[in-house]
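I opened the notebook today to look at the ligand and the space around it. Come along while I go through what I looked up.

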Amino acid sequence: MRKPITDLIHHSYVPPATFGAPQPGVYKASTVFFADVAAMRARDWKTKAGYTYGLHGTPTTFTLEERLATLEGGTECLLVPSGLAAISLVSFALLKTGDEVLIPDNAYGPNKALATGELANFGITHRLYDAMNPSDLASKLSERTRLVWVEAAGSVTMEFPDLPALAELCRARGVLVALDNTWGAGLAFAPFDFNGTGQGVDISIQALTKYPSGGGDVLMGSVITRDERLHRAIKLTHMRMGLGTGVGDVETVLRSLPSIALRYEAHDRSARELARWLADRAEIAQVLHPALESSPGHANWLRLCGANDLAAGLFSIVFDVRYGTEQVDRFCDSLTLFRLGYSWGGPISLVVPYDIGLMRDATVAPWPHKGTLVRFSIGLEDVDDLRADLEQALSAL
Ligand SMILES: *Cc1c(COP(=O)(O)O)cnc(C)c1O
C-alpha cells in the first residue's frame with residue numbers, strides 16, 4: 001500500500017480544462033514534465049511551440065511576451081529581470097571585442113556605465129553622441145560601429161531627438177538601432193513604424209518597471225524585435241546568461257497591462273498641466289517637457305507623437321540661478337505629496353534633484369543651464385492637490 005503522502009504528491013486529479021477568467025492562469029515552474037523520452041529529446045527550447053524548463057518560458061511568461069510585442073508592434077519579445085538587464089542583454093548579445101557602440105549623451109545613465117565598465121573590459125569601445133544633432137551621430141558612425149542606442153525623451157534632461165532621422169542614418173549604414181522605449185511605453189509612438197512609414201528601430205527595450213507595472217512594486221524589462229534572426233541571436237544570449245523572471249512579477253504586470261493606456265493618459269494630463277503652471281513661475285528658468293513648445297526637441301515630439309498627442313508623466317525643471325543647491329534641496333524636502341525616490345510610473349508622485357554637470361560629457365554637447373535641475377514623475381493623485389504642494393514648497397525657497 002502506498003502511503004497517503006506519496007498519493008498526495010503524485011495526485012491523479014486534473015481540473016477540467018475549460019476554465020476561463022479575465023486574467024490568464026499563473027504557472028510556476030523550474031521543472032517541466034515531458035510525456036516520454038522522445039518528446040524530451042525532440043523539444044527545441046528556442047521556439048514557443050512547447051516547454052522545456054522554467055527558465056525558457058511558461059504559459060504565463062509567453063502570454064506577457066505576446067501581449068507586450070503586440071503593444072509595441074513587434075513580433076518577438078523576451079522578458080528579463082529589469083530594464084537595465086534588457087539594456088545589458090542587447091549589448092552582450094550583439095557586441096564582441098573590437099566593436100564599437102554609440103550611446104547618446106542624454107541616455108539612461110547606467111547604459112553609459114555598462115559601456116565604461118563591462119563592455120570596456122571585453123574590449124568593446126563606446127562613444128557618446130549628441131542626440132539632438134544627427135550630424136554628430138553621422139560623423140561618429142564607423143566601420144567598427146555595430147550598435148547605436150537611441151532614447152526619446154532623453155533621461156532626466158527630456159530633450160526629444162529626431163528619432164526617424166537617427167534611425168535612418170543607421171539603416172543607411174547597415175548598423176543596428178536599439179531604442180530605450182521606456183518613456184514611450186509603446187503608446188506615445190510606434191517604435192517599429194514611425195508615423196506609419198513602416199520604418200523604425202530594430203530593437204525596442206522597455207523598463208516594464210515603469211508604466212507596464214504601474215505600481216512601483218516590480219522590476220522587469222522587455223526586449224522586442226520584429227526580425228526572427230535578430231530575436232534568435234538575443235534569445236541565445238538570454239538563455240546562456242540565465243535571465244529568468246519571477247512568475248509572481250509576471251502575473252503582476254499581466255494584471256496591470258490592460259489599464260496602461262488609461263494610466264499613461266492620466267499621468268500625461270496632470271504632468272502637462274503642472275509643467276505649464278511651473279513654466280509661468282518666476283523661480284523657474286526652464287521647464288523641460290517635450291510637449292511644451294519652449295522645450296528642446298518639441299518639434300520632433302510633435303512630428304512623432306502629435307497624432308497620438310501623448311507624452312509620459314515625466315518632466316524636469318531648472319531653477320533660476322539665484323537659488324543654490326541648499327535652497328533647491330529645501331524645496332524638495334518641503335514637498336509632502338511628492339516623495340523622494342528613483343524610478344517612475346507608479347501612483348505616487350516622485351521628485352529627484354540632479355547635478356547634470358556630473359552626468360553629461362561637456363565635450364559632446366555642453367549643458368546650457370546653470371541652475372539646479374529637479375525631475376518630477378507625476379503620479380495619479382488629484383492634480384490640484386499636487387499643484388498646491390508645489391506652491392507651498394516654492395514658498396519655502
Ligand atoms: C528605469 C529605466 C531603466 C531601467 O529600468 P530598471 O528596471 O530600473 O532596471 C532603463 N531605461 C530608462 C529610460 C529608465 O527610465
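This is a predicted model: local features need pLDDT of at least 70, side-chain atom pairs count only at pLDDT 80 or more; totals for chains, interfaces and linings use all residues.

A polar atom in the side chain of Thr 209 lies 2.5 Å from one of the ligand's oxygen atoms. Next I checked Lys 210, where a side-chain N or O atom is also 2.5 Å from an oxygen atom of the ligand. Then I turned to Leu 84, which uses its backbone: an N or O atom there lies 2.9 Å from a ligand oxygen. On its own the ligand has 380 Å² of accessible area, and I noted that the protein covers 89% of it.

Which residues come nearest to the ligand? I found 13 residues around it, and the nearest are Gly 83, Leu 84, Asp 180, Thr 209 and Lys 210. I sorted this shell by class and got five nonpolar, five polar and three charged residues.

I looked up where the ligand sits, and the place is the largest pocket. I wrote down about 760 Å³ for the space in this pocket. Its lining is made of 43 residues, and those closest to the pocket centre are Tyr 108, Lys 210, Ser 343, Trp 344 and Arg 375.

How many of the lining residues are charged? I count eight, beside 22 nonpolar and 13 polar ones. I also asked which elements give at least two residues each to the lining, and these include helix 4 (83-94), helix 5 (109-121) and helix 13 (356-359).

Last, I looked at the backbone. Most peptide bonds are trans, and most residues other than glycine have a negative phi. Against that, I noted a cis peptide bond from Ala 152 to Ala 153, with omega near -10°. I placed Ala 153 in the loop between strand 4 (145-151) and helix 7 (163-173). Met 158 is found in the loop between strand 4 and helix 7 as well, and I read a positive phi of about 65° for Met 158, although it is not a glycine.

Methods. Residues are numbered from 1 along each chain as its sequence is written. Side-chain values use heavy atoms; hydrogens and water are left out. A residue is near a molecule or strand if one of its heavy atoms lies within 4 Å of it. A polar contact is a pair of N or O atoms within 3.5 Å; within protein, one must be able to donate a hydrogen and the other to accept it, and residues adjacent in sequence count only if both atoms are side-chain atoms. Accessible areas come from the Shrake-Rupley method with a 1.4 Å probe; for residues, only the protein chains shown count as cover. On a 1 Å grid over the protein atoms alone, a cavity is a set of points where a 1.4 Å probe fits but cannot get out, and a pocket is an open set with protein on both sides within 12 Å along at least five of seven lines; lining residues have an atom within 4 Å of a point. A molecule sits in a cavity or pocket if more than half of its atoms lie within 2 Å of its grid points. Ala, Val, Leu, Ile, Met, Phe, Trp, Tyr, Cys and Pro count as nonpolar, Asp, Glu, Lys and Arg as charged, and the others, Gly among them, as polar. Grid points are joined across faces, edges and corners, and a volume is the space filled by probe spheres set on the points. Helices (H or I, at least four residues) and strands (E, at least two) are DSSP runs, numbered from the N terminus.
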